[in-house]
Amino acid sequence: MTLSYEQRAAGVAFLQRHASADIHCHPGRFFLSGLPPGAPAIRALGEPFEERAISELQAGNVSAGLFAAVSDLRLLEVTPAGIHSNRDFEAGEALADYQRQLAELKAFAEKRGLAKGLSTADVDQAHRHHQTAAVFAIEGGDFIEDRLDRVHAAFAEGVRAITIVHYHVNQIGDIQTQSPVYGGLTPLGKSIVGELNRAGIIIDLAHATFEVARGVMEISTKPVMISHSNLATPTANHPRLISAEHAKLVTATGGIIGAWPSGFGQASFADFIDSIQRLLDTVGIDHVAIGTDMDANYKPVLRSYRDWSLIPAALLARGMHEAEVAKVLGANFVRVFGANLTRSST
């Protein structure tokens with residue numbers, strides 16, 4: 001889509017006035033730092049590029065990002081058919097790699113001058129100071145194993161969101177990209193959901209099947225999210241996309257869906273804006289956010305945070321009110337973040 005100079009300027013000005021959040025990202029592929037040279041993940045994805053990522057976040061004026069470590073990274077392989085796990089964890093491996101990535105994430109945030117992202121106040125403060133708050137997230141609950149105390153330890157270490165499943169079928173439930181193993185959420189998964197609620201950690205249902213989502217929604221006392229997905233359409237029906245029923249299940253109790261600028265069913269930035277509008281039409285203005293999967297996305301139609309302002313610019317150009325765009329760009333996430341932190345004084 002073609003935006004005029006004035007429309008682009010309106011997007012930049014919008015971000016000066018309103019806090020914005022990317023609810024799922026991997027800036028600079030920080031999760032690769034600390035791996036030995038020649039590690040399979042580095043061979044597949046390339047070396048991390050943290051300095052460039054920080055300059056792009058600053059240029060884009062992104063108030064907060066959910067910086068996601070990848071819990072099952074050691075197990076994954078990239079093939080022409082997609083990403084798959086090729087083995088199970090060895091004893092102690094899941095926890096050890098979670099600890100490595102969390103340490104790298106903390107070092108990345110401190111070294112690069114990112115603001116803390118432990119609370120909604122931190123997001124607001126980062127916006128006011130033209131900084132980016134790093135909200136720590138983990139993609140995959142594998143490291144929890146059967147130790148519920150690790151949920152509370154993760155919160156104490158700064159983790160504020162956990163995508164409960166990823167590409168490895170773990171102890172919690174089934175994934176979208178593999179045939180069902182459990183038929184939904186496991187009994188242990190139910191216990192983990194309860195602990196995540198109690199700890200104040202946002203439950204992220206990206207990658208989880210509809211049956212897992214339904215199991216979570218029967219238990220969760222806090223609003224949840226699907227951090228990065230879009231609605232399936234007659235011409236786009238990849239397993240990582242969701243049905244309207246799936247979306248409404250998650251948003252019925254206040255949850256949010258992060259619109260995802262991936263190459264699944266989208267070939268252009270304009271297609272991504274169409275996907276945002278489709279979500280808005282389906283679940284309503286209070287339940288849509290943005291989850292870019294930046295720097296680890298599949299054929300992205302939004303490639304850099306330098307283009308972050310194009311999202312509000314395009315939504316405003318399509319006739320949305322500024323207050324509505326503010327909800328999509330950040331306020332909806334901040335509401336869910338705050339609702340999950342009600343048990344915490346952080």
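Guide: A crossing of two helices is called right-handed if the near helix is turned clockwise from the far one by less than a right angle, and left-handed if anticlockwise. In this predicted model, α11 passes α12 in a right-handed crossing.

Visitor: What makes the contact between α11 and α12, residue by residue?

Guide: On the α11 side the contact is made by Ile311, Pro312, Leu315 and Leu316, and on the α12 side by Glu322, Val325, Val328 and Leu329. Sorted by class, that gives 7 nonpolar, no polar and 1 charged residues. Glu counts as charged.

Visitor: At what angle do helix α11 and helix α12 pack, and how far apart are their axes?

Guide: The angle is about 145°, and the axes are 10 Å apart. Helix α11 covers residues 310-317 and helix α12 covers residues 322-340.

Visitor: Why is α11 called mostly covered?

Guide: A residue is buried under 20% relative accessible area, and 6 of the 8 residues of α11 are buried. They are Leu310, Ile311, Pro312, Ala313, Ala314 and Leu315. What covers them includes α1, α10, β11 and α12. Just after α11, glycine 319 has a positive phi of about 100°.

Visitor: Why is the pair of phenylalanine 264 and tyrosine 298 called stacked?

Guide: Ring centres must lie within 6.5 Å to pair, and planes under 30 degrees apart count as stacked. Here the centres are 4.5 Å apart and the planes are at 15°, so the pair is stacked. Phenylalanine 264 lies in the loop between β10 and α10, and tyrosine 298 in the loop between β11 and α11, 34 residues apart.

Visitor: Are phenylalanine 264 and tyrosine 298 buried or partly exposed?

Guide: Phenylalanine 264 has a relative accessible area of 16%, so it is buried. Tyrosine 298 is at 37%, so it counts as partly exposed, since that class runs between 20% and 50%.

Visitor: What makes the pair of phenylalanine 30 and phenylalanine 67 tilted?

Guide: Planes under 30 degrees apart would be stacked and those over 60 edge-to-face, with the rest tilted. The planes of phenylalanine 30 and phenylalanine 67 are 35° apart, with 6.3 Å centre to centre, and the pair is tilted. Phenylalanine 30 is in the loop between β1 and α2 and phenylalanine 67 is in strand β2, so the pair ties together parts that are 37 residues apart in sequence. Both residues are buried.

Visitor: Which residues do ring pairs link into a cluster with Phe30 and Phe67?

Guide: The cluster also holds Phe31 and Phe108. Phenylalanine 31 is found in the loop between β1 and α2. Its relative accessible area is 3%, so phenylalanine 31 is buried. Leaving aside neighbours within four places in sequence, phenylalanine 31 is in contact with residues including His26, Leu45, Val70 and Ala296.

Visitor: How do you know that the charged end of arginine 52 sits over the ring of phenylalanine 49?

Guide: The rule asks for CZ of Arg within 6 Å of the ring centre and within 35 degrees of the ring normal. The charged end of arginine 52 sits over the ring of phenylalanine 49, 4.2 Å from its centre. Arginine 160 lies over the face of phenylalanine 155, at 3.7 Å from the ring centre.

Visitor: Why does histidine 127 count as buried?

Guide: Histidine 127 is at 10% relative accessibility, so it falls in the buried class. Histidine 127 is found in helix α5.

Definitions and conventions:
Residues numbered from 1 in each chain as written. Predicted model: local features only at pLDDT ≥ 70, side-chain atom pairs only at ≥ 80, totals over all residues. Heavy atoms only, no water. Axes fitted to C-alpha atoms, helices over the stretch in contact; angles between N-to-C directions. Helix = DSSP H or I, 4+ residues; strand = E, 2+ residues; numbered from the N terminus. Contact = heavy atoms within 4.5 Å. Phe/Tyr/Trp six-rings, centres within 6.5 Å; stacked < 30°, edge-to-face > 60°. Buried < 20%, exposed > 50% of the residue type's maximum accessible area, 1.4 Å probe, protein only.
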